Amino acid sequence: MTSEGWAQAAFKSRVDEVLHRFVAREAEAFAAVDPVLEPVAGQLEAAVADGKRLRAAFCYWGWRAVGQPDSDALLRAATSLELVHAAAVVHDDLIDDSPLRHGRPTAHVALRAAVGDRPDADDAARSLAMLVGDLLMALAGQLFATCGLPAAYLARARPLWAVMARELIAGECLEILRTGAGPDTTAALKVVRYKTAKYTVEHPLLIGGALAGAGTRTCEGYSAYGLPLGEAFQLRDDLIGLFGNPGQTGKANADDVHGHRPTALLAETWRLAGDGERALLRTLLGRRDLDAEGLDTVRDTMRRLKAPDRVEDMICARVGEALAALAELPVPEDAATALTALAHAASARRS
């Protein structure tokens, strides 16, 4: 795949083909244990039905930037990172009690019908969703291990999987522990870095590089590019989540306000707010019964304080930092072109 042939849509189609075939086969084997498992198996497939496949793309170009050629085996290894993402999304939606993802009920909501009218139906559905996420993570490891690359290549990258898992879960734990706490931009950005930035950009690049035998300088460059870009990705997600069109985002845009989550957007709003505005926000943040008027009040307060503009500045600064780091990397022209395009795709999206 040359720079002329690189297109995210074409790459996504390749990843989707591998991902959907692999998960469909695993879902079929899972449901074969007992017919009652069919709704759970259905959620395995639903979890990978959509996505931009950015994590697979960063892994792929982490490999190609070292000078390695296009490879179907590498594509399978890169696709395994989409299963890590699917697992993280199922768990995240469960933790946040989010009702929608890609315009469809999230796993714990969809599985409510599978458990009937028993008294503990809600808890049972949530338990099933937790297990769906666990199985998706296990399947990620299986797809990686059986991708077809030489064992020596896989051995170079395998330690990074433990780091990725540790840091992803640390980020989720930080978000839970800081939810409802006093807003703090530095703390919010730490959550952003560990919960999303690392496993979205940095670790996929490093895994692709390790598979390819990348040297220390290249790996350091991948981190210098990947960390700020991953942060920009999540900061954009926070803006889209609250100000985006649910018809495009496929998510409920009150989630961060309902959950009083430690986002940089809320932290910057609090930092810029005066006493009266903080008093108003205290009455609105964290309310599960917040209506559309209350949500509009939060948005209007943010706009008046120019908090979204401040987050936009953070995004621009981080994309600039990432592209500057990329410019210093001695990578082939096709890799530089693709990684530049991916930087813009990750940070300027609308959904």
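R349 counts as buried, with a relative accessibility of 10%, where buried means under 20% relative accessible area, exposed over 50% and partly exposed in between (1.4 Å probe, protein chains only). The model is predicted, and local features need pLDDT of at least 70, side-chain atom pairs count only at pLDDT 80 or more, and totals for chains, interfaces and linings use all residues. Residues are numbered from 1 along each chain as its sequence is written, and side-chain values use heavy atoms, with hydrogens and water left out.

**Surroundings of R349**
- R349 is found in the segment after helix 16 (333-347), helices (H or I, at least four residues) and strands (E, at least two) being DSSP runs numbered from the N terminus.
- Not counting residues up to four places away in sequence, R349 touches K52, F233, R236, D237 and I240, contact meaning heavy atoms within 4.5 Å.
- From C-alpha to C-alpha, R349 and R310 are 18 Å apart in space, while 39 residues separate R349 and R310 in sequence.

- The axes of helix 3 (residues 54-64) and helix 4 (residues 72-96) come within 8 Å and cross at roughly 145°, the axes being lines fitted to C-alpha atoms, for helices over the stretch in contact, with angles that run from 0 to 180 degrees between N-to-C directions.
- On the side of helix 3 this contact is made by L54, R55, A56, C59, Y60 and W63, and on the side of helix 4 by L74, A78, T79, L81, E82 and H85.
- By class, the contact of helix 3 with helix 4 has eight nonpolar, two polar and two charged residues, where Ala, Val, Leu, Ile, Met, Phe, Trp, Tyr, Cys and Pro count as nonpolar, Asp, Glu, Lys and Arg as charged, and the others, Gly among them, as polar.
- The axes of helix 1 (residues 8-31) and helix 3 come within 10 Å and cross at roughly 100°.
- That angle makes helix 1 roughly perpendicular to helix 3, a term for angles of 65 to 115 degrees, whereas angles under 35 count as roughly parallel, over 145 as roughly antiparallel and the rest as oblique.
- Q8, F11, R14 and V15 of helix 1 meet L54, A56, A57 and Y60 of helix 3, and the residues of this contact divide into six nonpolar, one polar and one charged.

**Nonpolar core**
- The largest nonpolar core has 99 residues, and those with the most contacts inside it are F58, L83, L149, I207, L211, Y225 and L229; such a core is a set of buried Ala, Val, Leu, Ile, Met, Phe, Trp, Tyr and Cys residues joined through side-chain atoms within 4.5 Å.
- Helix 4 gives the most to this core, with 12 residues.
- L229 touches F58, V201, R318, V319, A322, A343 and A346, not counting residues up to four places away in sequence.

**A buried glutamate**
- E175 lies in helix 7 (residues 151-178) and counts as buried at 8% relative accessibility.
- Leaving aside neighbours within four places in sequence, E175 is in contact with D92, D96, V191, K195, R261 and P262.

- D97, a residue other than glycine, has a positive phi near 55°; D97 lies in the loop between helix 4 and strand 1 (100-101) and counts as partly exposed at 37% relative accessibility.
- H260 is not a glycine either, yet has a positive phi of about 50°; H260 lies in the loop between helix 11 (255-259) and helix 12 (264-272) and counts as buried at 18% relative accessibility.
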